[in-house]
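Welcome! Please take a look at the sequence and the structure below, and then we can walk through a couple of spots together.

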Amino acid sequence: MKTIVDVENLCKNFEDTQVLNNINFKVVEGEFIAIMGQSGSGKSTLLYSISGMDRPTSGNVLFCGKDISKLDDEKMSEVRLMQMGFIFQHSYLLKNLSIRDNIILPGFKSGKLSREQVNQNAEALMVKTGIASVADHDIKMVSGGQLQRAAVCRALINQPDILFGDEPTGALNSSTTREVMDIINAVNTEGTTVIIVTHDAKVAARADRVIFLMDGNIHDELKLGKYDGDEKKKSYREKSLYEWLEKQGF
Ligand SMILES: Nc1ncnc2c1ncn2[C@@H]1O[C@H](COP(=O)(O)OP(=O)(O)OP(=O)(O)O)[C@@H](O)[C@H]1O
Ligand SMILES: [Mg+2]
């Protein structure tokens, strides 16, 4: 199996404070990783450091075999636009554009696919995520769940190798969380690598592997294997994750 992300001796300081303390881990292509840990343990900092949104103080981040930790801003933006997708707690869609135009915009910007292909890809993504009926709506006219699905479509418009999420369901209720996570699991099943930060054990229980951060260190990890949507297996996964989290003092 091919390694897609290889983090070596990653340290991150903010002034005198060390927030990430010599992190090492690998992610293989097609894996789904969840990062958990107390507030302030460094989860977002880790996600931003491995996705090129922020730079490590020291150490290397190899993405598809290439060290991205030393790329200049322009090259890094290109890698992010072409090969990475991002979802956050809030959708950050642009107010004066329709749902469709928000999704299409990074597709036109990257030029990775033809405009025709971008349009087709946007339609297919909106159908898949159940928002085709609101494609032409202003973003003020749709629900929070629909906005977040649109954010998922936007993240996938350039067919990225990897999808990053920082609390992607943090602002959603439990039924909308399930819907968005079903979409993320489906995207992962189709081969896109996924790394998300979450506080929600039900969300993390859908990952292949859960990493627990404590004070900027990887304290432990739990291997769950691929999630297949089976309800019985799902409650077993959740149960073992709850037990494991309890051991971490979470
Ligand atoms: N830009 C920054 N400048 C200074 N300190 C920062 C900065 N970003 C994060 N920190 C500090 O680094 C530590 C880790 O922050 P981080 O946001 O990574 O935590 P987190 O695990 O994502 O927390 P939460 O669950 O609350 O989102 C915190 O102590 C935080 O105050
Ligand atoms: Mg955070």
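## A glutamate in a loop

This is a predicted model. Let's begin with Glu31, which sits in the loop that runs between strand E2 (17–28) and strand E3 (32–37).

Is Glu31 buried or exposed? Glu31 has a relative accessible area of 12%, and because buried means under 20%, Glu31 counts as buried.

Leaving aside residues up to four places away in sequence, Glu31 touches Lys26, Asn188, Thr192, Thr193, Val194, Asp208, Arg209 and Lys226. Arg209 also takes part in a polar contact: its side chain and that of Glu31 pair up at 2.7 Å.

## Around ligand 1

Now for the ligand. The shell around ligand 1 is made up of Phe14, Val19, Gln38, Ser39, Gly40, Ser41, Gly42, Lys43, Ser44, Thr45 and His199. Sorted by class, that shell has eight polar, two nonpolar and one charged residues. Which element gives the most to the shell around ligand 1? That is helix H1 (residues 43–50), with three residues.

## Polar atoms at the ligand

Gly42 contributes through its backbone, with an N or O atom 3.1 Å from a ligand 1 oxygen atom. Ligand 1 taken alone exposes 640 Å², and the protein buries 54% of that.

Methods: Residues are numbered from 1 along each chain as its sequence is written. Chains are lettered from A and ligands numbered from 1 in the order in which they are written. This is a predicted model: local features need pLDDT of at least 70, side-chain atom pairs count only at pLDDT 80 or more; totals for chains, interfaces and linings use all residues. Side-chain values use heavy atoms; hydrogens and water are left out. A residue is near a molecule or strand if one of its heavy atoms lies within 4 Å of it. A polar contact is a pair of N or O atoms within 3.5 Å; within protein, one must be able to donate a hydrogen and the other to accept it, and residues adjacent in sequence count only if both atoms are side-chain atoms. Accessible areas come from the Shrake-Rupley method with a 1.4 Å probe; for residues, only the protein chains shown count as cover. Helices (H or I, at least four residues) and strands (E, at least two) are DSSP runs, numbered from the N terminus. Ala, Val, Leu, Ile, Met, Phe, Trp, Tyr, Cys and Pro count as nonpolar, Asp, Glu, Lys and Arg as charged, and the others, Gly among them, as polar. Buried means under 20% relative accessible area, exposed over 50%, partly exposed in between (1.4 Å probe, protein chains only). Contact means heavy atoms within 4.5 Å.
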